[in-house]
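Hi there,

Here is the structure I promised to pass on to you. Have a look at it first, and then read my notes below.

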Protein chains: 4
Amino acid sequence: MKRQAHEVSIPALLEVGDQVLSHFGELLGKAGFSRIVLCFGEGIRPLCEPQIVQSLTEQTQLEILDNRDVLDNSLEVIASTAFTLPARTEAIVGIGGGKGLDIAKYMAFLNGLPFISVPTSVAHDGFASSGCSLYVDGRRTSVPARMPYGILVDLGLVRNSPIQFLYSGLGDILSKIPAVFDWRFEESRGATRVNDFAVMMAKKSVNSIVRMPYTDIREFFFIKEIVDSLTLSGIAMEIAGSSAPASGSEHLISHALDQLVERPQLHGIQVGVASYLMCLVQEHRVERVRKFLGETGFFDFVATLGMKREDFERAIDLAPSIKPSRRTYLHLPEMREKAKQLLHSDETLGRILS
Amino acid sequence: MKRQAHEVSIPALLEVGDQVLSHFGELLGKAGFSRIVLCFGEGIRPLCEPQIVQSLTEQTQLEILDNRDVLDNSLEVIASTAFTLPARTEAIVGIGGGKGLDIAKYMAFLNGLPFISVPTSVAHDGFASSGCSLYVDGRRTSVPARMPYGILVDLGLVRNSPIQFLYSGLGDILSKIPAVFDWRFEESRGATRVNDFAVMMAKKSVNSIVRMPYTDIREFFFIKEIVDSLTLSGIAMEIAGSSAPASGSEHLISHALDQLVERPQLHGIQVGVASYLMCLVQEHRVERVRKFLGETGFFDFVATLGMKREDFERAIDLAPSIKPSRRTYLHLPEMREKAKQLLHSDETLGRILS
Amino acid sequence: MKRQAHEVSIPALLEVGDQVLSHFGELLGKAGFSRIVLCFGEGIRPLCEPQIVQSLTEQTQLEILDNRDVLDNSLEVIASTAFTLPARTEAIVGIGGGKGLDIAKYMAFLNGLPFISVPTSVAHDGFASSGCSLYVDGRRTSVPARMPYGILVDLGLVRNSPIQFLYSGLGDILSKIPAVFDWRFEESRGATRVNDFAVMMAKKSVNSIVRMPYTDIREFFFIKEIVDSLTLSGIAMEIAGSSAPASGSEHLISHALDQLVERPQLHGIQVGVASYLMCLVQEHRVERVRKFLGETGFFDFVATLGMKREDFERAIDLAPSIKPSRRTYLHLPEMREKAKQLLHSDETLGRILS
Amino acid sequence: MKRQAHEVSIPALLEVGDQVLSHFGELLGKAGFSRIVLCFGEGIRPLCEPQIVQSLTEQTQLEILDNRDVLDNSLEVIASTAFTLPARTEAIVGIGGGKGLDIAKYMAFLNGLPFISVPTSVAHDGFASSGCSLYVDGRRTSVPARMPYGILVDLGLVRNSPIQFLYSGLGDILSKIPAVFDWRFEESRGATRVNDFAVMMAKKSVNSIVRMPYTDIREFFFIKEIVDSLTLSGIAMEIAGSSAPASGSEHLISHALDQLVERPQLHGIQVGVASYLMCLVQEHRVERVRKFLGETGFFDFVATLGMKREDFERAIDLAPSIKPSRRTYLHLPEMREKAKQLLHSDETLGRILS
């Protein structure tokens with residue numbers, strides 16, 4: 001058996017542009033599909049169905065076999081409906097934010113069908129990754145699925161999504177900074193082996209955006225860069241075969257908040273704050289991260305949300321138990337202590353948390 | 001036959017660091033190799049053999065079956081020596097600049113063996129790509145081979161390589177800007193189909209470096225970024241299945257210069273100048289490219305080389321015939337005209353060409 | 001994107017031999033595993049655990065993180081227990097007949113982990129295929145999963161499994177004959193495209209066994225040939241990307257029986273009878289199939305089971321609705337009629353059905 | 001990096017039938033090709049060009065960009081002509097016996113293009129394997145290339161090829177018996193690790209044919225079985241990542257004969273005789289092999305060729321040095337002695353050698 005270069009799955013179809021939804025039929029037809037099922041996330045149908053239907057009249061070969069709203073992201077419900085697809089379905093298209101995409105992605109995975117990801121917002125890297133966040137036995141759980149076969153991003157839609165989604169996306173991108181630092185730290189302690197290729201991708205994904213000039217985070221090129229960065233982040237995890245290059249202690253804090261807080265904030269919002277905190281703990285690229293989150297308005301936005309310092313304290317304590325097999329900074333008691341002190345001593349955190 | 005996400009080969013082993021050569025034996029041992037052949041490029045052996053040998057004494061499992069200097073990059077010579085490897089060779093390691101790596105990479109390809117790429121300079125993206133530049137029947141020819149199985153970059157070595165190699169690397173990175181623009185242009189004319197994923201990688205590779213702050217192009221993090229960018233460029237070509245995302249009209253000019261000029265400059269030097277020219281022709285990101293090539297000292301360096309405006313004129317005329325099947329800007333007569341006029345009218349070009 | 005030869009997943013590890021279970025620890029250790037979870041099918045633990053445990057004492061690197069009995073093959077139950085694996089589990093090993101293997105295979109699939117298949121009997125090709133047969137909402141459903149990473153067959157175990165399992169295995173192998181004929185028939189009607197490679201594998205799998213000399217179906221070499229044939233059948237489906245090369249109208253009859261009959265027979269027993277019937281309908285290789293099933297004792301065995309002609313009649317009527325998108329012989333009314341008449345007119349069927 | 005099942009390349013296109021050449025245009029068109037280059041082996045053009053041309057008039061999308069006779073199988077000549085293909089060539093089609101196919105296959109390999117294999121005879125498994133036999137520096141050398149993308153076998157052509165080609169094909173199929181035995185022998189001596197999957201395929205390929213009933217070796221189904229067996233043999237080598245499952249000591253004897261004898265016989269003829277001899281040496285399946293080669297007329301045919309016992313003696317002595325890193329039966333002095341004695345003592349060998 002010969003030693004081969006590492007083979008990585010990447011989406012075969014990627015379209016990121018201003019009017020992608022209006023070319024939906026044409027794009028899927030060109031990609032060779034003729035019979036698909038659409039799954040709309042909550043509240044998404046009125047936003048997107050008209051353009052999709054319109055795009056189909058010009059592309060008669062593509063047939064919509066079924067057309068569902070997908071609302072419940074519990075594994076039980078997904079499993080019991082996944083195998084009721086029409087015969088001859090060739091692909092499942094998910095249109096929505098995180099939750100709707102996750103449901104559709106998992107249905108495709110269970111059926112061994114290609115998944116076409118059509119995000120309506122870019123609040124995190126889920127639209128371009130192989131994983132899903134579902135409820136299993138009432139518990140939010142990250143489960144593996146498969147890389148999307150295609151990703152179609154209509155920048156018009158994404159730009160007009162509520163501002164919290166954009167900030168969430170930025171927060172998720174920033175998390176690569178502490179996540180990669182954690183990963184290398186775990187390697188230095190003999191706990192794992194870092195994949196340098198995944199690290200490089202993760203770093204390129206964040207560096208190209210934090211160094212990008214822009215005047216408004218809603219401007220076309222900035223949004224496009226967010227999409228590209230989150231896509232690269234998905235690939236980095238695929239290369240690594242784990243979420244490590246994109247998810248370290250800052251993600252553990254966010255997962256802990258999801259368990260502790262009654263009404264958690266958007267994933268990327270929590271992750272963004274936690275990323276800043278972890279950079280302080282790691283004493284790594286603090287200035288860069290503070291500058292970026294400050295100038296984009298992320299911190300100002302967070303300051304309006306009423307997130308509580310106390311919740312973060314409890315989340316820090318809970319964090320290591322979320323993934324007991326990892327060895328991040330937060331798995332060390334002294335670093336948890338340091339993190340909790342920084343919640344009080346850091347000026348920025350003082351301003352945005354209450 | 002099910003539709004699968006696109007599978008892309010990436011190096012299984014990537015190490016970029018300060019003292020990589022001193023860990024050579026350990027790194028290859030960990031990667032599972034026990035019997036290898038070393039190929040040194042011209043003049044490289046005294047520079048690198050001692051560290052490699054030293055690294056082996058601590059790693060006794062790894063055996064060097066053979067140890068060659070590879071000097072002649074004609075396909076004829078490579079083909080006639082490639083099949084004289086010792087029995088049970090598991091991998092071929094090439095140590096050198098472009099030419100030495102190309103020879104070793106091609107020997108590995110002909111033998112169906114993994115290739116480990118150890119660049120001593122990063123004058124272009126060849127250390128991380130699947131292609132080789134060889135002489136076939138006395139003519140410089142780009143031939144396909146295979147993605148390196150591993151890439152080991154000793155940043156200490158690379159930083160101390162002559163300055164022209166670093167400028168050449170920068171020029172090669174910059175070429176993604178006009179190359180991608182050409183590729184999209186060809187698609188708009190119906191001549192090809194762009195792979196958006198490859199485009200994204202190519203753009204990330206160049207954007208993360210042109211936006212990077214630095215004080216000296218020889219500083220550690222800047223060199224590392226050059227290496228990473230060139231590596232991503234190799235991957236972008238692999239995804240595309242062609243050199244298009246990294247090579248457009250600016251590369252055609254360089255290839256033409258190779259044919260026309262008695263003593264061509266380094267590939268990336270020629271490509272860098274041609275990239276600036278093509279950005280002017282395409283009226284695309286001129287400011288960014290001029291600023292970057294100016295501030296890094298690239299233009300000043302080029303000004304010392306005595307490159308001739310007249311050679312560029314002839315190269316522009318020859319360029320489209322180098323790859324007659326493409327449809328870049330330079331394949332249009334009016335754009336060739338525009339390019340030739342810019343050689344005279346642009347102030348920067350006026351300064352650096354004679 | 002270059003056109004590549006078709007890539008097919010095959011098990012990386014295949015061991016078929018007399019004492020495989022006694023080398024369990026050594027085999028998994030050599031394959032690079034160090035932390036696994038064992039799943040025993042119903043009644044299997046006392047049969048196999050001692051040898052496995054014994055094999056581990058000599059191979060201390062391999063750690064059994066968990067050790068479960070898997071009894072319930074409803075998707076609901078599997079899904080709710082699948083994500084309770086110990087951290088750092090590297091592979092799931094299923095030991096059992098069809099049902100236990102299916103549960104363990106699906107748990108591995110849901111976790112994205114390699115699955116090691118250790119069949120204790122070879123009643124059908126499930127131990128070597130990517131599919132699973134589970135209960136979804138109370139209905140037996142074929143769902144896709146992933147090719148086993150490894151297959152370990154202890155021929156000693158398999159030889160000593162009850163005789164009905166061997167006959168079931170033979171029946172499942174024979175089904176390739178009418179299945180491939182159906183598939184080609186569907187292609188001739190424009191309903192699908194046959195993959196000639198999958199056809200070839202399916203045919204080799206059955207031809208090598210029907211032409212094999214033997215004196216006792218329990219003899220070592222004959223059992224080994226059964227295992228090999230069922231393994232090839234799994235690969236044929238993988239190549240085809242569907243079950244078509246191994247499952248046609250004869251499988252539809254068996255699936256229909258499962259729905260209609262209170263206590264269905266073993267899958268391969270039903271399939272074997274239905275295969276003979278369909279060969280009669282297709283007027284294809286009848287002599288060969290009758291001879292083989294006669295000489296191996298399959299028909300005599302079936303004659304003791306009290307299977308009812310009437311159940312087959314109803315199953316024939318139901319068959320096309322099981323997979324409405326296919327176009328097998330049984331999807332034509334006149335062929336269903338012919339099949340039902342043959343139930344009465346064929347001498348062999350007269351003897352074995354009641 | 002997750003552990004994945006082993007990925008194997010198999011031809012994406014396989015057509016084996018009576019009139020395949022007459023459907024050439026249609027088959028390649030359906031497979032998505034529009035611009036190809038044809039390479040005819042020596043003497044093949046008049047035999048095949050008319051049907052191909054005829055098939056194209058009905059399939060106007062497929063364009064023949066170039067149309068060559070390929071005669072010289074020295075690597076030097078192939079390398080110097082390989083890179084003169086027309087721009088935009090999408091695939092290279094080789095039409096011929098072994099030599100013509102090897103040249104075309106290697107040209108495709110050097111260009112990174114898909115190769116379509118159209119054998120006009122089936123004298124060995126080269127039409128379905130990734131390897132080539134070329135002259136390098138005047139020495140016949142086995143070099144790696146790539147699995148054909150497609151295999152089109154016109155059984156009409158193959159059936160009407162001279163009888164020695166069919167016997168050669170049979171001899172090459174039989175060689176799997178001693179080759180697999182050698183491979184297992186090498187494993188038992190710790191010299192290598194056998195891939196059980198490759199062994200299974202190799203065995204299925206030979207067993208399905210030696211057990212097949214036939215009345216005339218030129219009959220349609222027998223020829224088809226030969227083609228299928230040789231194709232499986234190619235796949236077995238691909239799975240193994242080496243030629244070991246299909247090539248052991250019997251192939252070494254044949255390679256030695258090629259070096260020693262002025263006018264060697266066809267590869268498979270030599271291999272067939274050597275396979276019988278090695279089965280005697282290995283005391284393994286002698287009866288089966290003798291019966292098959294006797295009944296098919298292989299031995300009678302060989303008896304007419306004047307092959308010399310003395311040449312075999314010298315070849316046996318030379319054999320181990322052909323592949324010094326292997327450890328087959330013939331690498332043991334006592335087995336070479338035994339083989340040489342058998343040349344004299346065995347009745348069948350006495351009859352067919354002179």
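Predicted model: local features only at pLDDT ≥ 70, side-chain atom pairs only at ≥ 80, totals over all residues.

Chain A holds 16 helices and nine strands. Its C-alpha trace spans about 60 × 55 × 40 Å along the principal axes. A compact globule with 354 residues would have a radius of gyration near 20 Å, and chain A agrees with this because its own value is 20 Å. Of the 354 residues in chain A, 63% are buried.

How does the chain fold back on itself? Take the contacts in chain A between residues at least 6 apart in sequence: 77% of these join residues at least 24 apart.

Next, the inside. The largest nonpolar core has 421 residues, and D:Tyr106 is among those that touch the most other members. Which residues does D:Tyr106 touch, leaving out those up to four places away in sequence? They include B:Phe83 and B:Leu110 from chain B, along with D:Leu75, D:Ile78 and D:Cys132 from chain D.

Finally, find B:Cys48 in helix H2 of chain B, which covers residues 45-57. Is B:Cys48 buried or exposed? B:Cys48 counts as buried because its relative accessible area is 0%, and the cut-off for buried is under 20%. Beyond its neighbours within four places in sequence, B:Cys48 contacts B:Leu21, B:Phe40, B:Ile95, B:Thr120 and B:Leu157.

Enjoy exploring!

Key:
Residues numbered from 1 in each chain as written. Chains lettered and ligands numbered in written order. Heavy atoms only, no water. Helix = DSSP H or I, 4+ residues; strand = E, 2+ residues; numbered from the N terminus. Rg over C-alpha atoms; globule rule 2.2 N^0.38 Å. Buried < 20%, exposed > 50% of the residue type's maximum accessible area, 1.4 Å probe, protein only. Contact = heavy atoms within 4.5 Å. Core = buried A, V, L, I, M, F, W, Y, C linked by side-chain atoms within 4.5 Å.
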